[in-house]
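Take a look at the model below.

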Amino acid sequence: MAAQNSSQYPYEACLIAGLSSDVQHHILNIGNYVFRPLNFILAFLAFVFNTLVITAVARTKSLQYPAMVMMCSLAVTDIIFPLYSMYRYIETFTHEHMCAATSHEHPLYFAIGGLCTLATLGNLAVISRDRYLAVRRPVWYRNHMTISRAFKAICLAWLISMAYAVATYLSILLGGVYAPVALSFVLLFFPFYVIVIAFCYLSIYCRKIIQVGNLNDAFLKRQKRLANTVAWILLILVLTYFPGLLFGAVLVANGVNNLPFRPYYITFVQLNGALNPLLNFSRIKKMRKAIRDLFRCHPQLQSSSLANNNNTSNER
């Protein structure tokens, strides 16, 4: 017998109408006690791993080149969303019925989600163009591409994303007044970023790499390896982030309450944030070395400690 949700349930927003009461509560319990804790763990890992990436680049001079600065900008998007997600998960866990529905419908939730989504695509478009120039025009890239140019491209992508987030926030807060502005960002920049990414990587892989005599093989190999790393990041994005994003969008477009399904499809989004830094660790040797150095004692501290031990032994 199908049981409709009624106002007697304080957590009715987290139940799926049209199903039997047992099935509704079974789905709710799986979401609350399996997928929400899993999502919290993935969000925490994404925060820790991406923080390590940024810290390693900031502390290692050999990693401070334009491509890695852009990768750090991408890592920032995988820090912002997990941080806000962990806050929401804690809020939900401490709720009486583990259904803090009002926080999920807050304008800030949609604004941060929109900010991170558009910033992720924008940063990937910037990184893809950087890889295209490095592989297809290596002489120009080595002579002209600087960290300053990288920062300018990154800042432009973030300004566009923040403008979209503000438009989304005001649109929900003021009852749709700024909805056309937010929609224009979606229709303009989402396809533009996808086209840039597709064009750059099709151009890289459909043609042979240009070999230039005055550039050493090590430089070209590093640029090609970074391009392959970004290609793996794009593949993970397609397999994880986009399915989660599209599933929620389809539910909303069909007028279905997506709140009961959110713990399930958000898992894909959180997984994407945790996998991206693992690619950097596995494919960039200097990154692995920098991470190991973060957990080692400073050489000067080690030498001073050794000297103190020797002095103590001599005194004895």
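In α6, the buried residues are A150, I154, A157, W158, I160, S161, Y164, A165, A167, T168 and S171. Buried means under 20% relative accessible area, exposed over 50% and partly exposed in between, with a 1.4 Å probe and protein chains only. This is a predicted model: local features need pLDDT of at least 70, side-chain atom pairs count only at pLDDT 80 or more, and totals for chains, interfaces and linings use all residues. Residues are numbered from 1 along each chain as its sequence is written, and side-chain values use heavy atoms, with hydrogens and water left out.

What covers the buried residues of α6? The cover includes α2, α4 and α7. Contact here means heavy atoms within 4.5 Å. Helices (H or I, at least four residues) and strands (E, at least two) are DSSP runs, numbered from the N terminus. α6 has 27 residues and reaches 38 Å from its first C-alpha to its last, close to the 39 Å expected at 1.5 Å a residue. The expected span is 1.5 Å times one less than the number of residues. Just after α6, G175 takes a positive phi of about 75 degrees.

Next comes α7, residues 179-205. Its 27 residues should span 39 Å at 1.5 Å a residue, and its end C-alpha atoms are 39 Å apart, so the two values agree. The buried residues of α7 include F185, F189, F190 and Y193. Further along, V196, I197, C200 and Y201 are also among them.

α9 has 22 residues and reaches 32 Å between its first and last C-alpha, close to the 32 Å expected. This helix is mostly covered, with 16 of its 22 residues buried.

Now the voids. On a 1 Å grid over the protein atoms alone, a cavity is a set of points where a 1.4 Å probe fits but cannot get out. A pocket is an open set with protein on both sides within 12 Å along at least five of seven lines, and lining residues have an atom within 4 Å of a point. Grid points are joined across faces, edges and corners, and a volume is the space filled by probe spheres set on the points.

The largest pocket has a volume of about 960 Å³. Its lining holds 32 residues, of which F110, G114, Y164, L245 and A249 lie nearest the centre. Y164 is also one of the buried residues of α6. α4, α6, α7, α8 and α9 each supply at least two lining residues. α8 gives the most, with nine. By class, the pocket lining divides into 22 nonpolar, eight polar and two charged residues. Ala, Val, Leu, Ile, Met, Phe, Trp, Tyr, Cys and Pro count as nonpolar, Asp, Glu, Lys and Arg as charged, and the others, Gly among them, as polar.

The structure also holds five cavities of 30 Å³ or more. The largest cavity has a volume of about 80 Å³. Its lining includes T77, D78, F81 and P82, along with Y241 and Q270. The elements that give two or more residues to this lining are α2, α4 and α9. The largest share, four residues, comes from α2.

Finally, the whole chain. Its secondary structure comes to eleven helices and zero strands. Buried residues make up 45% of the 316 residues. Of the contacts with a separation of 6 or more, 75% join residues 24 or more positions apart.
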